[in-house]
Amino acid sequence: MAFTDSPETKLVPNMPFADYCRAHGVNQSRLKLFDYDLGGCPELYQFATLHPDFDDDTEARQVGRRYHHFILEPDSFHRFYTVRTLDIETELFEQAKLDPKCRAKGFSPNLGTYQRWKKEHEATGREVITQDDSDVLHEMRMALMLNNEIMDELGACRPDQLEVSVFAPFTFDRGPHAGKRMQLKARLDLVPEGDALLDLKSARTVNERKFALQAYELGYAIQGAFYRDVANFNGLNRKRFGFVAQEKSKPYLSCIHWIDYWLGYGRQRYTTILSNLADAIVADKWPGPRSGQLTPPGFAMEEIEAAQ
């Protein structure tokens with residue numbers, strides 16, 4: 001990602017996710033790959049930039065993406081996911097038993113018939129999920145819709161207010177890069193009427209204290225400030241930013257965690273990372289992980305010092 005003389009300013013509803021990923025621009029998740037404090041480093045960022053097929057997916061991210069799709073676009077879910085129902089498992093096991101060499105006593109993902117069936121569906125661009133996965137998604141969506149606070153905040157979001165792609169320039173206004181510009185992009189989950197932007201998060205817990213710690217460690221303030229700034233550059237004029245957080249286990253508790261107080265800090269953080277990124281681009285230096293004495297986390301420092 002380099003400087004550009006002609007950054008775009010545009011808001012694109014219903015942009016396919018694959019098209020958004022291919023579009024020119026740096027987004028907040030890729031920006032985090034550059035930052036040491038968020039678990040990245042410049043070398044990792046550069047590798048991801050030079051390898052468009054770089055996949056830093058984890059199982060948690062895959063589950064989160066699946067959740068986003070089902071909650072925000074349930075009508076199109078079947079075009080991208082195939083449910084491995086119990087009937088399908090039974091049918092595939094019966095087919096497998098036709099082979100005299102089959103020693104399976106029941107369905108298994110290791111069955112050759114299943115592996116072939118799975119590849120056929122993946123070849124059409126679909127991800128195969130289990131019946132249990134599908135049941136959890138349905139239960140989570142129902143629980144979320146029963147939360148009156150969340151539904152009141154969302155109102156009746158139109159399809160063009162869900163997963164909105166926005167693009168905006170970032171101009172350096174001071175320092176050695178003053179006047180240079182970069183292309184930014186963001187994918188907004190929910191753009192309801194009013195003065196707020198909302199992002200959907202599935203989480204292990206929505207407990208306020210624990211979610212706040214997660215928000216700090218994973219840079220949610222950076223995300224909130226980045227999204228709001230890019231959105232407002234497109235004239236949305238939003239003041240608030242919140243996370244619609246829902247637990248991934250029963251009873252699928254949910255709430256909205258607002259981070260308005262964090263947004264100034266988030267803007268400071270992402271603009272600093274952009275400045276550091278600009279330095280790396282100009283110098284063409286992309287250092288990797290740092291070696292050295294490991295600094296204890298703040299909460300453990302007093303106990304460690306007392307033991308010296």
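Tutor: Buried means under 20% relative accessible area, exposed means over 50%, and partly exposed lies in between, with a 1.4 Å probe and protein chains only. This is a predicted model, where local features need pLDDT of at least 70, side-chain atom pairs count only at pLDDT 80 or more, and totals for chains, interfaces and linings use all residues. Residues are numbered from 1 along each chain as its sequence is written, and side-chain values use heavy atoms, leaving out hydrogens and water.

Student: What percentage of the residues in the protein chain is buried?

Tutor: The protein chain has 308 residues. Its C-alpha atoms fill a box of roughly 75 × 50 × 50 Å along the principal axes. The buried part of the chain comes to 41%.

Student: How many helices and strands does the protein chain have?

Tutor: Both are DSSP runs, numbered from the N terminus: helices are H or I with at least four residues, strands are E with at least two. The secondary structure comes to 13 helices and eight strands.

Student: Among contacts between residues at least 6 apart in sequence, what percentage joins residues at least 24 apart?

Tutor: Contact means heavy atoms within 4.5 Å. Take the contacts between residues at least 6 apart in sequence; the part joining residues at least 24 apart is 70%.

Student: Why are the buried residues of helix 3 on the same side?

Tutor: Helix 3 spans residues 42-50, and its buried residues are Pro-42, Tyr-45, Gln-46 and Ala-48. The arc is that of the directions from the helix axis to the C-beta atoms. These residues lie on the same side of helix 3 because they cover an arc of only 160 degrees.

Student: Which helices are among those covering the buried residues of helix 3?

Tutor: Two elements can be named here. The cover includes helix 2 (28-32) and helix 12 (263-283).

Student: How do the residues of the contact of helix 6 with helix 7 divide into nonpolar, polar and charged?

Tutor: Ile-88, Leu-92, Gln-95 and Ala-96 of helix 6 meet Thr-113, Tyr-114 and Trp-117 of helix 7. Ala, Val, Leu, Ile, Met, Phe, Trp, Tyr, Cys and Pro count as nonpolar, Asp, Glu, Lys and Arg as charged, and the others, Gly among them, as polar. The division is five nonpolar, two polar and no charged.

Student: How many aromatic pairs does the count come to?

Tutor: Rings of Phe, Tyr and Trp (its six-membered ring) pair if their centres lie within 6.5 Å; planes under 30 degrees apart count as stacked, over 60 as edge-to-face and the rest as tilted. By this rule the count is 19.

Student: How far apart in sequence are the parts that Phe-170 and Tyr-270 tie together?

Tutor: The two ring centres are 6.5 Å apart with planes at 65 degrees, so Phe-170 and Tyr-270 are edge-to-face. Phe-170 lies in strand 4 (residues 162-171) and Tyr-270 in helix 12, so the pair ties together parts separated in sequence by 100 residues.

Student: Are Phe-170 and Tyr-270 buried or exposed?

Tutor: Ring pairs link both into a cluster with Phe-3, Phe-172 and Phe-226. Phe-170 and Tyr-270 are each buried.

Student: What kind of pair do Phe-211 and Phe-243 form?

Tutor: At 3% relative accessibility, Phe-211 counts as buried. Phe-243, at 0%, counts as buried too. The ring centres of Phe-211 and Phe-243 are 6.4 Å apart and the planes stand at 55 degrees, so the pair is tilted.

Student: What is the phi of Tyr-252?

Tutor: Tyr-252 sits in the loop between strand 7 and strand 8. Tyr-252 is buried, at 8% relative accessible area. Although not a glycine, Tyr-252 has a positive phi of about 60 degrees.
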